[in-house]
Amino acid sequence: MKRFVSWFLGALSALALLGAPALAQQPLKIGFGMSLTGPLAGNGKAALIAMEIWREDVNARGGILGRKVEFTYYDDQTNPSTVPSIYNKLLDVDKVDLVVSGYGTNVIAPAMPVMMQRNMAFMGLFGLNVNSKFNYDRYFQIMPSGPDPAIGWTQGYFDTAMALNPKPTTIALVGADAEYPALALAGAREQVKKTGLKVVYDKSYPPNTVDYSPIIRAIQATNPDLVYVASYPPDSAGLIRAANEVGLKTRMFGGGMVGPQFAALKTQLGPLLNGIVNYESWAPDVSEKFPSVEPFLQKYQARAAKEGVDPLGFYLPPFAYAMMEVLEQAIKGVGSLDQAKIADYIHKNEFNTYVGKVKFGANGEWAQPRMLAVQYKGISGNDVEQWKKPGHVTVLAPAAYKTGNVAAPYHENRK
Amino acid sequence: MDFPTALVLNAIIAGLLLGGLYAAMSVGVSISFGMLDVVNIAHPGFIILGSYIAYIVNARLGFDPIAVGIVVSPLFFALGMALYRVYYLCFERRGQESLRGLAFFFGILFITEVALILVFGVDYRMVSAAYQDTTMRLGPVDFPMRLVVPFLVAMAMVIGVEIFLTRTFFGRAVLAVAQDSLALRLMGVDTLRVKEFAFALSIATAGMAGVLLVVIQPVQPAIGREYIGLVFAVCVLGGMGSIRGTLVGALILGLAESFTATFAGPSWAPAVSFGILLGTLAFKPSGLFGR
């Protein structure tokens, strides 16, 4: 009997020894939904390329916790209603070890209840003020809009506007009927209260609007000093064209337009962007402040050209890569996949990433805002190459990155 | 509410220009759905296909998008003929056109979208034309050429279709098929050929409407879905199968959208448009020009 027991234990130990490396080599699966079709697919695909570059880099370094990293992802079609089922499938059927978000507020918000139910640490990719209602302590946002995103997102625009001489007194607010524009406009309204501006127009429009000239004319009829816009790419293009056609007269126009950050609209609109004040996360004009972004962009741009995705990649891809870097450093720091410990680690530590040092505040947003308020200037023609050189994107705020002053009024600097 | 003259005049012009585009997008549905009873839910997919063809030729060769639209219309016509032949053989002939036919056209819509994504990617695309950034001003009224040129082409196309259907022998045959297909068959007419031609015409108008759309705004492969409701609403408002009704319905919706956006708030525009549709159907269930 003793001989049998020792033989049995020996066999068990041998199996365990054989099994251990096999277990260690099981891939570490990261799951997410991403907009690969639908209105925001251009941005989603650009983010996916950046995340794939990170996956290849990290696997070349030996993976995480000795395990190769694999992605499991599904197309959320830029449709918020698909998101909860995607994350439930990732966690229940695909059995992923970690999850991160897809691109944008509209698809991050519907994933939040699932994350909270499962107690997952959740890195978000460019969602605006998503955690304000959820207050989930394991949510983190890589978009640098600061600890109070509603305010931080619009801070650069309003700081620039209120420094104009003479001070502006009236403002028009306009945005699409969607999650992000609604949140951005809520932030703008907070700023309006703080600055004492008078709101002369505050309306939203349906996302499938074709002609924006009636909206611009209605705004012009109120004669505002400032026009703050929160829009998605097709409406940004429509509003900019309409402002040009109608001959909108105002001192500052723009603010929260999604679209001009990407090569597609940069090249389509070309000189029509001149004079617009908007936001960017990176520009060649401040490349020396973020030295690691350019080497990343070289890698990204080579891939993007082949895949027919945003050939510049200034806005989103570096941050998509950085989001994965934060996760990687947190797992390595914790030494396990314990979600509570990962979240705790991210809260307590600062991370060195391609976009610079990242520190998160209590609500999971960046501890300090760093979104750049910019003005487009001197753009001629529709050539994409001009955007790769400094000189067309003047950084107005924050002060640490400022490269020039705003040129106002808008109508004198247009075209 | 204040109604300054300049704002009212501009709202009228903007509404008419927008209505012209809506008419171009809907006239094909009026033929296929209104006259032939073919629920071509893929119509917006062909509109976007037209946009992309104009885009690629414009981007590569620099040709004017409208000229491209005129040149490729026969290709869309041929595509429409082939598509109707498949639809007829697989569904209509077997009497399975109602639900399965609808599923077929849904499938065509998705295939078109995915094919465009695979070929062109998912970015927004727009054409460039010399007149796009030009605005003509007559007193206080603006005429942006980005909208005026598509409007003129749309009017020419819709009026052309109306003249063809009412003044030519083949056009009248299409109307006759719409009225009583069985009677025509009993008289020895090849109704399949007539319907095939009419459906092909509807697809050709979709291609042209796509060209007009991409002159006005950037498009991406899935944007067609957003217009499904609109094109069918215009068709029903105008009266099933009435081209004149489609034109008037489209102009009414364009004006409603423009006036609402200017004076009440753009987010009310869909509610006002569909309110007009519901109100019209309540008093005249066959639509404005329906029989």
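This is a predicted model: local features need pLDDT of at least 70, side-chain atom pairs count only at pLDDT 80 or more; totals for chains, interfaces and linings use all residues.

Trainee: What do I look at when two helices pack?

Mentor: Two packed helices are described by the angle between their axes and the distance between the axes. Take α9 (residues 213–221) and α10 (residues 233–246) of chain A: their axes come within 8 Å and cross at roughly 60 degrees.

Trainee: Is the crossing of α9(A) and α10(A) left-handed or right-handed?

Mentor: Right-handed. As for the angle, α9(A) and α10(A) are oblique to each other. On the α9(A) side, the contact is made by Ser213(A), Ile215(A), Ile216(A), Arg217(A) and Gln220(A). Facing them from α10(A) are Leu239(A), Ala242(A), Ala243(A), Glu245(A) and Val246(A). By class, that gives 6 nonpolar, 2 polar and 2 charged residues.

Trainee: How many residues does each chain bring to the contact between the chains?

Mentor: Chain A puts in 36 residues and chain B 34 residues. On chain A's side, α2 (41–60), β7 (198–205), α9, α10 and α11 (263–269) each supply at least two residues. The biggest giver is α10(A), with 8 residues. Sorted by class, chain A's side has 16 nonpolar, 12 polar and 8 charged residues.

Trainee: Which residues other than glycine have a positive phi?

Mentor: Leu65(A) is one of them, with phi near 50 degrees, and Asn223(A) also has phi near 50 degrees. Leu65(A) sits in the loop between α2 and β2 (69–75) of chain A, and Asn223(A) in the loop between α9 and β8 (226–231) of chain A. Leu65(A) has 15 C-beta neighbours inside 10 Å, so it counts as partly exposed. Asn223(A) has 12 inside 10 Å, so it counts as exposed.

Trainee: And where should I look for cis peptide bonds?

Mentor: Check omega. A cis bond joins Ala397(A) and Pro398(A), with omega about 0 degrees. The bond from Ala408(A) to Pro409(A) is cis too, with omega near 0 degrees. Pro398(A) is in the loop between β14 (393–397) and α15 (410–413) of chain A, and Pro409(A) lies in the loop between β14 and α15 of chain A.

Conventions. Residues are numbered from 1 along each chain as its sequence is written. Chains are lettered from A and ligands numbered from 1 in the order in which they are written. Axes are lines fitted to C-alpha atoms, for helices over the stretch in contact, and angles run from 0 to 180 degrees between N-to-C directions. Helices (H or I, at least four residues) and strands (E, at least two) are DSSP runs, numbered from the N terminus. Angles under 35 degrees count as roughly parallel, over 145 as roughly antiparallel, 65 to 115 as roughly perpendicular and the rest as oblique. A crossing is left-handed if the near helix is turned anticlockwise from the far one by less than a right angle, and right-handed if clockwise. Two residues are in contact if their C-beta atoms, placed from the backbone, lie within 7 Å. Ala, Val, Leu, Ile, Met, Phe, Trp, Tyr, Cys and Pro count as nonpolar, Asp, Glu, Lys and Arg as charged, and the others, Gly among them, as polar. A residue is buried if 20 or more other C-beta atoms lie within 10 Å of its own, exposed if 12 or fewer, and partly exposed in between; C-beta atoms are placed from the backbone.
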